[in-house]
Amino acid sequence: MNGNPYIPKLAVIENIKDETPNIKTFRLKFLDEALQKEFNFAPGQFIELTVFMYGEAPFSISSSPFSTDFFEITVKKMGTVTSALMRKKTGDLVGVRGPFGRGWPLVEVRGMNILLVGGGIGIAPLRSAILFLLSRRRDYGDITLLYGARTPRDLVFKEELERWSEHLDVRVTVDRGDEKWRGRVGVVTVLFDELELDPKETVCFQCGPPIMMYFVTKRLLEMGFPKDHIVVSLERLMKCGMGFCGHCTISGRYVCLEGPVFRYNEVKGFLERAVEVYSE
Amino acid sequence: MEREFLTIAKESLNELVDRLMETHQVIAPVPRNDGVVFDVISSPKEMDLEYRGHTLLPPKRFFFPEKEILFVYKVKADGVEIHDKLEELKSLRQVIIGIRPCDITGLLVLDKIFTKMFKDPYYIARRKNTLVIGLTCNEPAEYCFCVFTNSGPLLKEGFDLLLTDLGDRYLVEVGTEKGSNVVRFNPDIFSKAGERDLREREEIIREVAERIKAQKLPDFTSLYDFMRRNFNSKIWEKYGRKCLACGKCNFTCPTCHCFDVFDDPDLSLKSGKRIRVWDSCHFISFTRVASGEIFRRERTSRVKQRIYHKLCYSVDEIGIISCVGCGRCIDVCSAGIDVREVVRELEG
């Protein structure tokens, strides 16, 4: 981005899709067409989104990097900025900075089997990777998506999950079912029981709450996954996105610059407790 | 490069400041409360260049203000109009005089941080538009330990001019082209320095260094491996219990650069400001994310974060430690946490 990197560029909300009662997908497009054309990102990267009067917050891009006319973010109502965003309508303007950070190592893992594990809204950055993989389906081996949500009502990208299942193995679980639910019940690791994976030939991308990533990582290590075959996207509150504000640092590493996507062997060396849980 | 040395009579320094004030905003140490702070002066008479050790607060706020409006915006029917505050910094011309080698080193650290991968244009604009006139110490303060952080009592770079108080006059070392121009445009004020002047400075610096060296601390610039090895030392729990998590050490540190960013809307809800304010890694909210997760919940982890950032993480990040040995964090800590003691205790 040219000029002052603190200044957001204006983008219009082209479309809003209700995913769940508190999650929406916003389709955005820069007002400046040239800017929209130049806007290249890698799946797993994030933007800083401004809702004017309310502030700025980081969001993973959830759309395909091959869709060049727009980009999407999938947002759960959590705090000030997300609540204000939920009230926005099609045609409203927001501000965007980015993209920032390092995305999923999609090119590096060509030829391998891909295991994607998402928990809750953590599926947002995985969707961008899935859409990339679907466009390059023949470059990869088996692709499996394990997705866990709290209840059937909380499942994001419902119709897409069905569409994706034609090209990849999609397995879903919920923490609590309802009267209509006939799928799996339990946390996302229950889905591992039915899987047959070759750890040497498979790389796992995961994004979800820290507790999920802890148990998934533990499970993968038990299964014999090499440490660099485990890839995590870490949630931190990147306020500036540029390695200045300090909020996202873990042991001196800036998640906004070096992450949010890390291989487990990189994360393991982190000294702090919140991350040490991964290294036990 | 051969350095240029000059002298300036004490009365003439006031004259020089007077002249600089015609075109620049001049920031100098002025008496405040029980010490001195840097502030904008309107007359050279306000300056206190005889202060001992360091000022109460570091000079970083004149380069990275505690509260700074990044841009203002107006939301209109047909769009949003953004006015970048950076524009206003382009015409800024400031001089900071009387800044110590430790604090100059602090600026050199901030220079690296704010130009790492991205460039912080606000910091850079202020830095570029500021003339730095340093002043070495004649007497260290109680908590000074710059000798062990390689940031004093003398330094090689970071200043345009560097003064040393020789009693009735100052020795002036020219550090940059910018500093050289000041000399060139004010030939009536400066005289060529002689052997005697240089020897006198050497003597003063040596004496200050000796006094600081008497503390017999380890070399802080090479504690990296030692600190890493001691990450799980038992002493950290004790300091975690002691620390009040007030953040004073952050706000008085010449190199702490963390900030929070928020929007301040006008009550008409038609215009707003994007503001950044200094933040502290000791605050529990510092690592809180939207889901409510707090990654450094334990106070111990926050005490460690700051000390490890200064002595280890900073080395990974910018190649040098970011403690400049000014001792302000020791001076202000209500819980009596002293980084020198922490290191000594780890050494056992």
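How many bridges pair strand β4 of chain B with β12(B), and in which sense do the two run? Strand β4 (residues 67-76) and β12(B) are antiparallel partners joined over seven bridges; strands count as paired if DSSP finds at least two bridges between them.

Before going on, a word about what you are looking at. This is a predicted model, in which local features need pLDDT of at least 70 and side-chain atom pairs count only at pLDDT 80 or more, while totals for chains, interfaces and linings use all residues. Residues are numbered from 1 along each chain as its sequence is written, and chains are lettered from A and ligands numbered from 1 in the order in which they are written.

Let us stay with β12(B), residues 271-278. Five residues lie between the strands of the β11(B)-β12(B) hairpin, where B:Leu269 has a positive phi near 55°. The covered face of β12(B) carries B:Gly272, B:Arg274, B:Arg276 and B:Trp278, and the uncovered face carries B:Ser271, B:Lys273, B:Ile275 and B:Val277.

Stepping back, chain B has twelve helices and twelve strands, taken as DSSP runs numbered from the N terminus (helices H or I, at least four residues; strands E, at least two). Its radius of gyration is 22 Å, close to the 20 Å that the globule rule gives for 348 residues, so chain B is as compact as a globular protein of that length. That radius is taken over C-alpha atoms, and the rule is 2.2 Å times the number of residues to the power 0.38.

Now to the place where the chains meet. The contact draws 33 residues from chain A and 44 residues from chain B; two residues are in contact if their C-beta atoms, placed from the backbone, lie within 7 Å. On the chain A side, β4 (55-60) and α8 (273-279) are the elements that give two or more residues.

Finally, look at the largest nonpolar core, with 156 residues. Such a core is a set of buried Ala, Val, Leu, Ile, Met, Phe, Trp, Tyr and Cys residues joined through C-beta atoms within 7 Å, buried meaning 20 or more other C-beta atoms within 10 Å of a residue's own. A:Leu116 and B:Ile133 are among the residues that touch the most other members. Helix α3 (residues 123-135) of chain A gives the most to this core, eight residues.

Definitions and conventions:
A residue is buried if 20 or more other C-beta atoms lie within 10 Å of its own, exposed if 12 or fewer, and partly exposed in between; C-beta atoms are placed from the backbone.
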